[in-house]
Amino acid sequence: MHSPYRSLFACLLLVCFSTAISDCHATIIEFQILKIDFTNPKDAAAKAIWFPTDKLSITDKGLGFKGQNNSAYDGWIQTKPMAVGLSWRTPSTVSLKVTVDPAPVEITLPNGNKTTPHAGAVFARYSPDLKHWSSWQELPTPDPGLEPAQNITGNQFSGVIKIPKRESNPYRNLVSKYSSLDVPWNCDEEAAVNWILEQQPDFFAHNLPFIGYVEFLFEKRFNGNQSLRAFQAEVFYGLSGLHTAPRNKEKYKGRFSMRWRFKSKGIKETDKRPR
């Protein structure tokens, strides 16, 4: 798998061969899952927020409300930020798949007609620092002509977040510059971000060059007695594993498998609320 970082970091294959071949891994494949159980109040509250809170509540059947089958409220569910990538390297492309369970069931209207409520819509956005976010983009539902995934009873949505090179190139050039400096580890992207912000504190206000965190938003018209049991998001991406070893490996112990953790300074509670 080709990675845009291959030509930017000082940890290129040639450098790796000149230092320690054991430190080189061509590609890192990552697969993460976010599962929210809406029959479990504690699990749901820890991973998401929803609206309207005065209408929707959690029971052993899931998130919803009691009422006539044809009664409904417009609402949404927003997941809390999900860290992706590694603490020392981040992706510029992620593939996403969301399953919302169960799918809406057919209802009978007062006039006797039958209809199946809309499945809703899923959106995703990303941030490099938990403070500055991209706009929401919709994840389409799969082609109805395709066979449904095995053992899936809910509705599925899928899509890709990919950052244009025009957006990421200024950042990559700065990271490349950082990697040429006399630093403890020239492949540490977290350290490179701190270095960039020391020079340009508002850098992320004008650039969203990589994916450090992902959030999901699910909007639908909630019908009476049709509770939502579960929400599952799958995130898949690849990273270049080419790197040099840090000068002090012990100092970086645990960092190689740690998720992206950088947060811009001064984040307030208002920055974490839905927008």
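**Figure 1. Charged groups over aromatic rings.** The charged end of R125 sits over the ring of W133, at 4.4 Å from the ring's centre, in what is a predicted model.

Figure 2. E215 is found in strand β13, which spans residues 213–223.

Figure 3. T79 is found in strand β5 and counts as buried, at 2% relative accessibility. A polar atom of the T79 side chain lies 2.9 Å from the backbone nitrogen of F216. The C-alpha atoms of T79 and L217 are separated by 6.6 Å, although these two residues are 138 residues apart along the chain. When residues up to four places away in sequence are not counted, the residues touched by T79 are L34, I36, K47, A48, E215, F216 and F231.

**Figure 4. The largest nonpolar core.** In soluble globular proteins, nonpolar side chains tend to be buried together. Here the largest nonpolar core has 41 residues, and those with the most contacts inside it are F38, I77, V98, F216 and F231. Two or more residues each are given to this core by β1 (27–37), β2, β7 (93–101), β10 (121–127), β12 (155–162), β13 (213–223) and β14 (230–240). Which element supplies the largest share of this core? The largest share, five residues, comes from β14. As for V98, the residues that it touches, not counting those up to four places away in sequence, are V122, L139, N155, Q156, F157, F216, F231, Q232 and A233. A second, separate core has 18 residues, including Y171, V175, Y213 and W260.

**Figure 5. Aromatic pairs, with F51 and W76 as an example.** The structure holds 17 aromatic pairs. One of them joins F51 and W76, whose rings are stacked, with 5.8 Å from centre to centre and 20° between the planes. Because F51 lies in strand β2 (residues 48–51) and W76 in strand β5 (residues 72–79), the pair ties together parts that are 25 residues apart in sequence. Both partners are partly exposed, F51 with a relative accessible area of 42% and W76 with one of 23%. Elsewhere, ring pairs link Y171, F203, F204, F210, W260 and F262 into a cluster.

**Figure 6. Helix α3 and the elements that cover it.** Helix α3 comprises 15 residues, 165–179, and reaches 20 Å from its first C-alpha to its last, which is close to the 21 Å expected at 1.5 Å a residue. Its buried residues are S168, Y171, R172, L174, V175, Y178 and S179, and what covers them includes α4 (189–199) and α5 (203–206).

**Figure 7. N186 in the loop between α3 and α4.** N186 lies in the loop between α3 and α4 and is buried, with a relative accessible area of 18%. A polar atom of the N186 side chain lies 3.5 Å from the backbone oxygen of S179, a residue that is itself buried in α3. The side chain of N186 is also joined to that of T244 by a polar contact of 2.7 Å.

**Figure 8. L130 in the loop between β10 and β11.** L130 is found in the loop between β10 and β11 (137–139), where it is buried, with a relative accessible area of 15%. The C-alpha atoms of L130 and V214 are separated by 9.2 Å, while the two residues are 84 residues apart along the chain.

Key:
Residues numbered from 1 in each chain as written. Predicted model: local features only at pLDDT ≥ 70, side-chain atom pairs only at ≥ 80, totals over all residues. Heavy atoms only, no water. Helix = DSSP H or I, 4+ residues; strand = E, 2+ residues; numbered from the N terminus. Expected span 1.5 Å × (residues − 1). Buried < 20%, exposed > 50% of the residue type's maximum accessible area, 1.4 Å probe, protein only. Contact = heavy atoms within 4.5 Å. Polar contact = N/O pair within 3.5 Å; in protein donor to acceptor, adjacent residues only side chain to side chain. Phe/Tyr/Trp six-rings, centres within 6.5 Å; stacked < 30°, edge-to-face > 60°. Lys NZ or Arg CZ within 6 Å of the ring centre and 35° of its normal. Core = buried A, V, L, I, M, F, W, Y, C linked by side-chain atoms within 4.5 Å.
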